[in-house]
Amino acid sequence: MIEPIGAQQQLQVLERAESFIVQAEQLFARDFARIPVRFDLRGTTAGMYKIEGARLQIRFNPWIFAKYFEVNLRDTVPHEVAHYIVHAVYGDRRIKPHGWQWQEVMRSFGADPEVTFDMDLSGVPQRRQRTHAYRCDCREHALSSTRHNRVQRRRGQYQCRFCHATLVYQPAAVR
Ligand SMILES: [Zn+2]
Ligand SMILES: [Zn+2]
């Protein structure tokens with residue numbers, strides 16, 4: 001079993017996230033609030049930008065970071081910071097999660113917006129209650145296995161209660 005990253009590497013991640021926020025402040029010529037960055041994400045997802053009402057946060061998976069530290073520092077950190085920046089700039093307007101606004105921020109970070117990588121996650125602890133990542137036009141959703149199976153068997157569809165778009169399955173490990 002893999003050990004999650006410790007304080008030293010967490011600090012490196014936080015410093016890198018901070019450096020991207022500073023870059024975004026230069027790009028948009030405005031300030032961005034510092035939001036909590038947590039290392040409490042589990043399962044198959046390396047990183048996630050999460051909106052819960054007025055609470056915004058970035059979450060990273062300390063086990064996946066431990067297994068692939070450099071690649072996550074290079075790709076996952078700017079990926080999630082860019083989601084936050086796009087949300088801060090465009091608010092709840094209905095834009096694609098990985099649309100041109102997000103890609104533009106990624107390029108300004110010197111990060112590759114095309115990148116998705118399949119990671120071997122053996123040794124990374126998985127949730128017992130597995131959830132499946134879905135996207136609408138405004139955010140990410142976690143569906144239970146029951147609902148996921150219903151969608152996969154074409155027995156049901158789910159809509160986002162905020163933007164009313166149909167939820168679409170996101171099998172990739174990085175979102
Ligand atoms: Zn939505
Ligand atoms: Zn994403």
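Predicted model: local features only at pLDDT ≥ 70, side-chain atom pairs only at ≥ 80, totals over all residues.
Two residues are taken to be in contact if their C-beta atoms, placed from the backbone, lie within 7 Å. From helix H3, Pro-78, Ala-82, His-83, Ile-85, Val-86 and Tyr-90 meet Gln-101, Trp-102, Val-105 and Met-106 of H4.

Two packed helices are described by the angle between their axes and the distance between the axes. Here, H3 spans residues 69-90 and H4 residues 100-108, and the two pack at an angle of about 125° with their axes 9 Å apart. H3 and H4 are therefore oblique to each other, and the crossing of H3 past H4 is right-handed.

Attention now turns to the sheet. Strands of a sheet pair through backbone hydrogen bonds, either parallel or antiparallel. The open sheet described here has 3 strands in the order E5-E4-E6, and its pairing is antiparallel. The edge positions belong to strand E5 (140-144) and strand E6 (168-169); each has a single partner strand, so one side of each is left without a neighbour in the sheet. Strand E4, residues 131-135, pairs with E6 in the antiparallel sense over 2 bridges.

Helix H5, made up of residues 145-152, lies across E4, E5 and E6 and runs at about 95° to E5.

Definitions and conventions. Residues numbered from 1 in each chain as written. Chains lettered and ligands numbered in written order. Axes fitted to C-alpha atoms, helices over the stretch in contact; angles between N-to-C directions. Helix = DSSP H or I, 4+ residues; strand = E, 2+ residues; numbered from the N terminus. Parallel < 35°, antiparallel > 145°, perpendicular 65-115°, else oblique. Left-handed = near helix turned anticlockwise from the far one by under 90°. Pairing = 2+ DSSP bridges.
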